[in-house]
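Student: I have a model open and would like to go through it with you. Can we start with the strands and then move on to the helices?

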Amino acid sequence: MSVKIRLQRHGKKGKPFYWVVAADARSKRDGRYLEKIGTYNPNTNPATIDLNLDSAVKWLHNGAQPTDTAKAILSYKGALLKHHLDGGVRKGALTQEQADAKLAAWLEAKAGKVDAKKDGLSKAQADAKAKAFKAEQEVNAKRIAAAAQAEADAIAAAQAEEATTETEEEAPVAEENNEETQA
């Protein structure tokens with residue numbers, strides 16, 4: 001029986017969530033599996049991966065073949081590196097302590113990269129939020145200025161209308177006076 005390390009799809013339509021499983025190569029994609037090794041959630045940024053490293057390495061030692069996506073996940077979490085270092089320990093190329101030290105250093109560097117990406121994403125989000133707030137303030141300032149201008153225009157028009165009305169009222173009175181003086 002050949003064993004594959006592959007993804008088993010869960011979650012609703014448009015929101016996939018995967019289990020990383022060791023399964024018989026002949027079983028269905030979402031069918032029977034031998035052991036659940038971890039989970040993978042591609043909906044978050046960066047993707048959330050929870051993997052039992054020792055279990056994954058155990059299956060790799062037993063000859064399980066990962067699919068392309070599962071291989072990328074195992075590589076990302078360091079399972080393939082640990083498998084490789086364990087092979088070096090079995091051959092006598094290095095000691096278990098050296099292999100553990102190399103793996104710990106690699107995992108620490110990888111965690112640093114992931115944290116840097118998270119910080120970059122949060123900074124980009126904060127910058128976008130600040131930029132949107134500034135743009136909204138500019139729009140509000142323009143709107144307030146336009147409202148003040150419209151109000152000033154309305155007041156000026158009202159004053160001009162009052163002046164015109166007063167002039168018209170005085171003009172007929174003057175004409176009446178002229179008529180009376182002529183008579």
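Student: Which residue stands opposite tyrosine 18?
Tutor: Tyrosine 18 stands opposite tyrosine 40 in β3, and tryptophan 19 stands opposite threonine 39 in that strand. This is a predicted model, in which local features need pLDDT of at least 70 and side-chain atom pairs count only at pLDDT 80 or more, while totals for chains, interfaces and linings use all residues. Residues are numbered from 1 along each chain as its sequence is written, and side-chain values use heavy atoms, with hydrogens and water left out.

Student: In which sense do β2 and β3 pair, and over how many bridges?
Tutor: Strand β2, residues 15-24, pairs with β3 in the antiparallel sense over five bridges; strands (E, at least two residues) and helices (H or I, at least four) are DSSP runs numbered from the N terminus, and two strands pair if DSSP finds at least two bridges between them.

Student: And β1 with β2?
Tutor: Strand β1, residues 3-12, is also antiparallel to β2, over ten bridges, and leucine 7 has valine 20 of β2 as its bridge partner. Their hairpin has two residues between the strands, and glycine 14 there takes a positive phi near 85°.

Student: What is the strand order in the sheet?
Tutor: The five strands form an open sheet in the order β4-β3-β2-β1-β5, with mixed pairing. The edge strands, each pairing on one side only, are β4 (48-51) and β5 (65-66).

Student: Back to β3: is asparagine 41 buried or exposed?
Tutor: Asparagine 41, which lies in β3 (residues 35-41), counts as buried because its relative accessibility is 17%; buried means under 20% relative accessible area, exposed over 50% and partly exposed in between, with a 1.4 Å probe and protein chains only.

Student: What does asparagine 41 touch?
Tutor: Not counting residues up to four places away in sequence, asparagine 41 touches Pro16, Phe17, Ala47 and Thr48, where contact means heavy atoms within 4.5 Å. A polar atom of its side chain also lies 3.1 Å from the backbone nitrogen of asparagine 43.

Student: Now the helices. Which residues of α1 are buried?
Tutor: In α1, residues 53-61, the buried residues are Leu53, Ser55, Ala56, Val57, Trp59 and Leu60. After α1 comes glycine 63, with a positive phi near 100°.

Student: How do the axes of α1 and α3 cross?
Tutor: The axes of α1 and α3 (residues 79-91) come within 9 Å and cross at roughly 55°; axes are lines fitted to C-alpha atoms, for helices over the stretch in contact, and angles run from 0 to 180 degrees between N-to-C directions.

Student: Which residues make that contact?
Tutor: The contact is made by Leu53, Asp54, Ala56, Val57, Leu60 and His61 of α1 with Ala79, Leu80, Lys82, His83, Asp86 and Arg90 of α3.

Terms used
Polar contact = N/O pair within 3.5 Å; in protein donor to acceptor, adjacent residues only side chain to side chain.
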